[in-house]
Amino acid sequence: MPLIPLLVLLMSLLERPQRQQIAVAPEQSSTSEPLRLESGWFGSPLIKLQAELPVNTAMGLGVELLDAGGGTVLELAKDGWRETGIWSEGGESGRWEESDAGLRLSLRPPRSGLYRLRLTLEDLLDTAGRPLESPLLVRLEVRNHSVDAPLLWFTALVTLLMAGIAMRSIYRNSRLRKVLRLEDNRLRLRCRLGGAGLVRVELRARYERPSSDAGPLAPRLMAELQLEANDALGRSRLVFKRLLPVAAHSSDGDHWLNVNEVLHLKVSEPLSLGLKLTLPETIADGGQPWEIEWLRLVLEDGVLSPRPVAALTLEP
């Protein structure tokens with residue numbers, strides 16, 4: 001949903017504009033080539049006019065939008081000017097320039113079709129108010145699917161915020177059951193788990209060399225994780241093994257290994273489950289073995305995931 005406003009904005013930016021140049025003589029009219037204007041649901045036509053005014057002049061420009069039959073659909077007037085000068089202050093000086101010679105017209109025509117613009121240069125005067133005889137060049141650009149970019153960005157941000165609130169309200173209602181940290185490679189616990197949602201088992205371990213600062217000697221190291229689950233009567237409900245990649249880290253000459261894994265269990269009804277997790281006590285890479293420093297477990301149930309996850313099912 002948050003991507004829809006951004007997709008509309010992207011589609012608008014990818015549109016190729018129609019461009020023309022129109023030369024208008026003082027007190028005369030000039031008509032553009034036919035322009036295609038669309039009256040659809042996606043955006044609205046935007047007409048931009050930019051007059052190339054000489055320095056220190058002013059203009060009065062009449063603008064008419066004509067339909068295919070020559071009838072006037074829209075009529076307006078634009079006063080423009082361009083001034084330059086020299087400023088000086090505190091021993092410093094420079095040139096300044098100010099102008100207002102552009103026009104932006106956003107509209108929705110009565111129907112899609114071919115239209116023309118008729119421009120009339122009613123006045124072109126210098127600073128003394130004297131008329132100038134040189135023609136005026138006006139640049140024309142038309143975009144049929146113009147949109148309000150700031151509004152779309154705001155809509156995308158608000159939609160993303162609302163989607164985040166909805167996601168948190170739906171998927172953040174899990175129950176934290178256990179957080180354990182042991183200086184051992186084996187972890188045993190018993191807890192009442194199950195019911196609606198999944199059981200999430202997050203495991204993290206750290207290995208270090210006891211008396212060596214050498215980094216890993218092998219390019220790829222693996223560690224085997226074993227997970228066993230039994231019910232209140234001691235019956236085995238799950239035996240699971242998996243090889244996990246070992247990540248190497250270093251900082252200021254200190255080296256260590258990390259093992260991380262997240263498992264999901266599907267327990268249809270609340271049960272008293274005994275869990276046993278085992279990782280290797282050491283990891284060999286051809287040098288001094290890496291020994292486990294600590295093992296940390298975070299256990300949650302009632303977990304709902306916005307993405308499909310592989311869940312381990314307990315045996316009946």
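The following legends describe close-up views of a predicted model. Local features require pLDDT of at least 70 and side-chain atom pairs pLDDT 80 or more, whereas totals for chains, interfaces and linings use all residues. Residues are numbered from 1 along each chain as its sequence is written, and side-chain values use heavy atoms, without hydrogens and water.

**View A. The largest nonpolar core, with Tyr207 and Leu277.** A nonpolar core is a set of buried Ala, Val, Leu, Ile, Met, Phe, Trp, Tyr and Cys residues joined through side-chain atoms within 4.5 Å; buried means under 20% relative accessible area, exposed over 50%, and partly exposed in between (1.4 Å probe, protein chains only). Among the 36 residues of this core, Tyr207 and Leu277 touch the most other members. Elements giving two or more residues to this core include β13 (198-208), β18 (271-278) and β20 (290-303); strands (E, at least two residues) and helices (H or I, at least four) are DSSP runs numbered from the N terminus. Beyond its neighbours within four places in sequence, Leu277 is in contact (heavy atoms within 4.5 Å) with residues including Val201, Leu203, Leu225 and Leu297.

View B. Arg237 counts as buried, at 14% relative accessibility. Its side chain reaches the backbone oxygen of Glu315 at 2.4 Å. Leaving aside neighbours within four places in sequence, the contacts of Arg237 include Asp231, Leu271, Leu314 and Pro316.

**View C. The salt bridge between Asp100 and Lys78.** A salt bridge is a side-chain nitrogen of Lys or Arg within 4 Å of a carboxyl oxygen of Asp or Glu. The closest N and O atoms of Asp100 and Lys78 are 3.0 Å apart. The pair links strand β7 (residues 92-100), which holds Asp100, to strand β6 (residues 72-89), which holds Lys78, across 22 residues. Asp100 is partly exposed, with a relative accessible area of 31%, whereas Lys78 is buried at 13%.

**View D. The salt bridge between Arg206 and Asp254.** The closest N and O atoms of Arg206 and Asp254 lie 3.9 Å apart. Arg206 belongs to strand β13 and Asp254 to strand β17, so the pair ties together parts 48 residues apart in sequence. Arg206 counts as buried at 18% relative accessibility, and Asp254 as partly exposed at 31%. Salt bridges with shared partners join Arg206, Glu208, Asp254 and Glu293 into one network.

**View E. Trp41 in the loop between β3 (35-37) and β4 (44-51).** Trp41 counts as exposed, at 77% relative accessibility. Trp41 and His145 are 104 residues apart in sequence, with a C-alpha to C-alpha separation of 9.0 Å.

Terms used
Polar contact = N/O pair within 3.5 Å; in protein donor to acceptor, adjacent residues only side chain to side chain.
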